[in-house]
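Have the sequence and the model open side by side.

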Amino acid sequence: IDLGMQPEIEKEELHVELVKLEEEISALRQTLIAKEKHLVEIKQKMGITPLNEIKHNLSKSWHDMQTSVIYKKTQETFNNTGQKASAALNNVSSTLTKKLGDMNLHYFSLLLPSRNSPTFKSIEERMETTVSSLKPDCKRLGPLPLPNHSMLPNIYLATSPSPQ
């Protein structure tokens, strides 16, 4: 505000109002400090320590997160993805076992089939199919969730808003 254009009386009134507001703010700060000290005293009498409060907040935040819809959906998706991956790896394993069993002694002595052989192409196609089917689920999931263990402290949870 440019006070150069205002009359002296108005400047004086604004100055008085400013001083009054500063005094009120100072009084409110002193009141707040006194109330915070009183709060600490009451908590001490009740045996509530800062460590107990942190433990309680962490426990509540962990519980809230585990019961959230997002957490449950993520857990379900991971379970489904794990089942798909397990089935795909079992399929690849059985295919490899069958193909290696079908190979004659000459190919077996080379340990791996040539890149142009039908066996290699079959294995390669199955691996590409498996990877392609798992990629969308893995990309959509993002980072892995925390292990499901109630004793793990996680400071992030205490500072995050509760999941809805």
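Is lysine 43 buried, partly exposed or exposed? The model is a predicted one, and in it lysine 43 has a relative accessibility of 23%, so this residue counts as partly exposed. Buried would require a value under 20%.

The side chain of lysine 43 meets that of glutamate 53 in a salt bridge, with 2.7 Å from N to O. Because lysine 43 sits in helix H1 and glutamate 53 in helix H2 (residues 50-66), the pair ties together parts that are ten residues apart in sequence. Glutamate 53 is also partly exposed, at a relative accessible area of 29%. As a general point, side chains of opposite charge can pair when their charged atoms come close.

How many salt bridges does a search of the whole structure find? The search gives three. Another of them joins lysine 11 and glutamate 8, at 3.7 Å from N to O. Both residues belong to helix H1 (residues 8-46), where they are three residues apart, or about one turn of the helix. Lysine 11 counts as partly exposed at 24% relative accessibility, while glutamate 8 counts as exposed at 61%.

In helix H2, lysine 60 forms a salt bridge with aspartate 64. The closest N and O atoms of this pair are 3.0 Å apart. Lysine 60 and aspartate 64 are four residues apart in the helix, so about one helical turn separates them. Lysine 60 is partly exposed, and its relative accessible area is 45%.

Next comes the nonpolar surface. Which residues make a nonpolar surface patch of about 270 Å²? The patch is made by Ile42, Met46 and Ile48. Isoleucine 42 is placed in helix H1, the helix that also holds lysine 43. With 36% relative accessibility, isoleucine 42 counts as partly exposed. Patch residues need over 30% relative accessible area, so isoleucine 42, at 36%, passes that cut-off.

The last stop is glycine 82, in helix H3 (residues 69-102). Its relative accessible area of 40% makes glycine 82 partly exposed. What distance separates the C-alpha atoms of glycine 82 and leucine 134? The separation is 9.5 Å, although the two residues are 52 residues apart along the chain.

How values were computed
Residues are numbered from 1 along each chain as its sequence is written. This is a predicted model: local features need pLDDT of at least 70, side-chain atom pairs count only at pLDDT 80 or more; totals for chains, interfaces and linings use all residues. Side-chain values use heavy atoms; hydrogens and water are left out. A salt bridge is a side-chain nitrogen of Lys or Arg within 4 Å of a carboxyl oxygen of Asp or Glu. Helices (H or I, at least four residues) and strands (E, at least two) are DSSP runs, numbered from the N terminus. Buried means under 20% relative accessible area, exposed over 50%, partly exposed in between (1.4 Å probe, protein chains only). Patches are made of residues with over 30% relative accessible area and no salt bridge: like charges are joined within 9 Å, nonpolar side chains (Val, Leu, Ile, Met, Phe, Trp, Tyr) within 5 Å. Accessible areas come from the Shrake-Rupley method with a 1.4 Å probe; for residues, only the protein chains shown count as cover.
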